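Reader: I would like to work through a structure feature by feature. Please show me how to read each one.

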Amino acid sequence: MSASTDSQSRPELAISVRGVTKSYDGRVVVNGVDLDVAQGEIFALLGPNGAGKTTFVEILEGYRRRDSGEVKVLDTDPDTLTRTDHIWRTRIGIVLQSTEDGQDLTVKETVHHFAHYYPNAKNPDEVIELVGLTEQANNRARNLSGGQRRRLDVALGIIGNPEILFLDEPTTGFDPQARRSFWELIRNLRAAGTTILLTTHYLDEAEALADRVGVIVAGSIIEIATPATLGGRNTAQAVISWIWNGEVKELATDNPTSDVLKIAEQCGGEIPELRITRPSLEDIYLKMISQEETHA
Amino acid sequence: MHKVGVIRLGILRGGLEFKQFLRQKEVVFFSLLFPVMLLFIFGTIFSKNLAPGVSFAQYFIAGMIASGLVNTGFQNLAILIPMERDFGTLKRLRGTPLSPISYFIGKAIVVALSLVLQVILLVAIGWAFFHLHMPHSPALWLRFFAILVLGSICSTVLGIAISALPKSGRGASAVISPIVIILQFFSGVFFVFTQLPHWMQQVASLFPLRWLTEGMRSVFLPDSFKSQELTHSWEVGKMFAVLGAWAIAGTILAVRSFKWSEE
């Protein structure tokens, strides 16, 4: 899907970006990005390290100024904000990559303190519960595990009850169980109407959470699609594999159902070790990245 | 967010930061202990009297109280703020609605609270062990508190202003500590100011510390000692003028140069 639909004042758009560029010392880091994110959508930005993900997201968050292009986040251009302009900041939540902030404060003290910054803050104890840190509420940050520390970061990102939540690689260092409960938390936020822009290296995470994903390579978004259709995934050939005469057989096909029936006939019933696979999001993504890199 | 909110958040932030400071036990211990150690070392080595009833230890304590203003504000913030930039504290705060003014107020509160701790300790030890003269009139107490307040404002804003210079927290300590120590030598903390070379006195007179030390001597030494000073007076008016000028210049510099993060 291209992002070139009419943009300007569509109120249902949480984020609207046109032709954004950013260079450092003559090196182009973000190269003409267009993007629309609807309110209440979960959008995942994928891309290799150094592709410009963080720079792009930091332009949206008001941390960096773009060189050219247009940006509207909640109908506000982040570059027009002054240092003392707080209203817009009360409406967004940011979870940065890992920090070492406030190591000598407890989870409870930190979350309660940040709640003071926002006019419509959530209940701090409920937020601690929500991110699963109730048992660690009285632990100091320096004594938290990596995953717990990250959940504290998330708690501080959502304490202000934001309309848009920016998450930069939020589940790095989580164990599988913590990741699942984090996904649940994100889905609940979306159900409550929060728009979420997520960057991640975990393709399963993007697939589990995102309504749409965008792949950014060398500063440009090369495709935006749903996880199920990215890179023609939905129309890609299925691969049937089975064992016949002690040998692994593989067949790539557009018609897996009828082919499986034929194979079953040959085998006289059950097909030994039958598997039908379609390319995973990760397969598709890696293929896109490598194609893009050979072009470049 | 309205003005009241900005001040209230600044006070909350100051309380939180002071709590963090107190929990770093080794930092608290050594930042309080170091000046006390110096006091005993210098007080023991240089035991002769500078004038009838005035020992070098007393002269030195006045200088150390003045130095406390520089340490708790200027030196502390010039190192702490770049460290907070490294740790991501400033970046995180910038992503919230917190006003930089609240952040400044918080810092000023931390400076004030640690200053109070340090001053009480130094004055108490000076009184108990080195016969330090306590201010004997309400006017002197008033002058003492005025110097503390104006001096810590000066020190805080200059610390914030200079914190934009060091690239990292580690670099900050290497840059700032020598500046402060040299300033202490030039300003009559470790040596009697009038015995320093003329050019050193002139350089020192450009900066607040030299005036703070003389101001503290005017509070803690007998009034007769002023005949030993450079102009045979305490120069109290000039001191307040210099400190006031630095406070204003420092505030302007701090507001202009302060950055939440490196772009």
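Predicted model: local features only at pLDDT ≥ 70, side-chain atom pairs only at ≥ 80, totals over all residues.

Reader: In which sense do strand 1 and strand 2 of chain A pair, and over how many bridges?

Author: Strand 1 (residues 13-24) and strand 2 (residues 27-38) of chain A pair in the antiparallel sense, over 9 bridges.

Reader: What should I expect of side chains along a strand?

Author: In a regular strand the side chains alternate between the two faces of the sheet. Keep that in mind for the sheets that follow.

Reader: What is the strand order in the open sheet of 6 strands in chain A?

Author: The order is 5-6-7-3-8-9, and the pairing is mixed. Strand 5 (92-95) and strand 9 of chain A stand at the edges. Each has a single partner strand, so one side of each is left without a neighbour in the sheet. From one strand to the next, the twist averages 15 degrees.

Reader: How do strand 5 and strand 6 of chain A pair?

Author: Strand 5 and strand 6 (residues 164-168) of chain A run in the parallel sense, with 4 bridges. A:Ile92 stands opposite A:Ile164 in strand 6 of chain A.

Reader: Which strands does helix 4 of chain A touch?

Author: Helix 4 (residues 146-158) of chain A packs on the sheet and touches strand 5 and strand 6 of chain A. Its direction makes about 165 degrees with that of strand 5 of chain A.

Reader: What is the order of the open sheet of 3 strands in chain A?

Author: Read it as 11-10-12, with antiparallel pairing. Strand 11 (247-253) and strand 12 (275-277) of chain A are the edge strands, and each pairs on one side only. Neighbouring strands of this sheet are turned by 20 degrees against each other on average, direction ignored.

Reader: Over how many bridges do strand 10 and strand 11 of chain A pair?

Author: There are 7 bridges between strand 10 and strand 11 of chain A, in the antiparallel sense. A:Ile243 has A:Val248 in strand 11 of chain A as its bridge partner. Helix 7 (residues 256-267) of chain A packs on this sheet, touching strand 10, strand 11 and strand 12 of chain A. The direction of helix 7 makes about 10 degrees with that of strand 10 of chain A.

Reader: Where is A:Thr235 found?

Author: A:Thr235 is in the loop between strand 9 (220-225) and strand 10 (238-244) of chain A. A:Thr235 counts as exposed, at 61% relative accessibility. The C-alpha atoms of A:Thr235 and A:Arg278 are separated by 9.4 Å, with the two residues 43 apart along the chain.

Reader: Now the rings. How is an aromatic pair described?

Author: A pair of aromatic rings is described by the distance of the centres and the angle of the planes. A search of the whole structure finds 22 aromatic pairs over all chains. In one, the rings of B:Phe40 and B:Phe130 have centres 5.6 Å apart and planes at 55 degrees, so the pair is tilted.

Reader: Which parts of chain B does the pair of B:Phe40 and B:Phe130 link?

Author: Distant parts, 90 residues apart. B:Phe40 is in helix 2 (residues 25-45) of chain B. B:Phe130 is in the loop between helix 5 (100-129) and helix 6 (138-162) of chain B. B:Phe40 is partly exposed, with a relative accessible area of 32%, whereas B:Phe130 is buried at 11%.

Reader: What geometry do B:Phe185 and B:Phe190 show?

Author: Their pair is tilted, 4.8 Å centre to centre, with 55 degrees between the planes. B:Phe185 is partly exposed, with a relative accessible area of 35%. B:Phe190 is buried, with 7%. Both belong to a cluster linked by ring pairs, whose members include B:Phe42, B:Tyr59 and B:Phe225.

Reader: Which charged end sits over the ring of A:Tyr63?

Author: That of B:Lys91, 5.2 Å from the ring centre. Within chain B, the charged end of B:Arg210 sits over the ring of B:Trp211, 3.8 Å from its centre.

Reader: Is A:Glu58 buried or exposed?

Author: A:Glu58 is buried, with a relative accessible area of 4%. A:Glu58 lies in helix 1 (residues 53-60) of chain A. Not counting residues up to four places away in sequence, A:Glu58 touches A:Tyr63, A:Arg64 and B:Lys91.

Note on methods:
Residues numbered from 1 in each chain as written. Chains lettered and ligands numbered in written order. Heavy atoms only, no water. Phe/Tyr/Trp six-rings, centres within 6.5 Å; stacked < 30°, edge-to-face > 60°. Helix = DSSP H or I, 4+ residues; strand = E, 2+ residues; numbered from the N terminus. Buried < 20%, exposed > 50% of the residue type's maximum accessible area, 1.4 Å probe, protein only. Lys NZ or Arg CZ within 6 Å of the ring centre and 35° of its normal. Pairing = 2+ DSSP bridges. Axes fitted to C-alpha atoms, helices over the stretch in contact; angles between N-to-C directions. Contact = heavy atoms within 4.5 Å.
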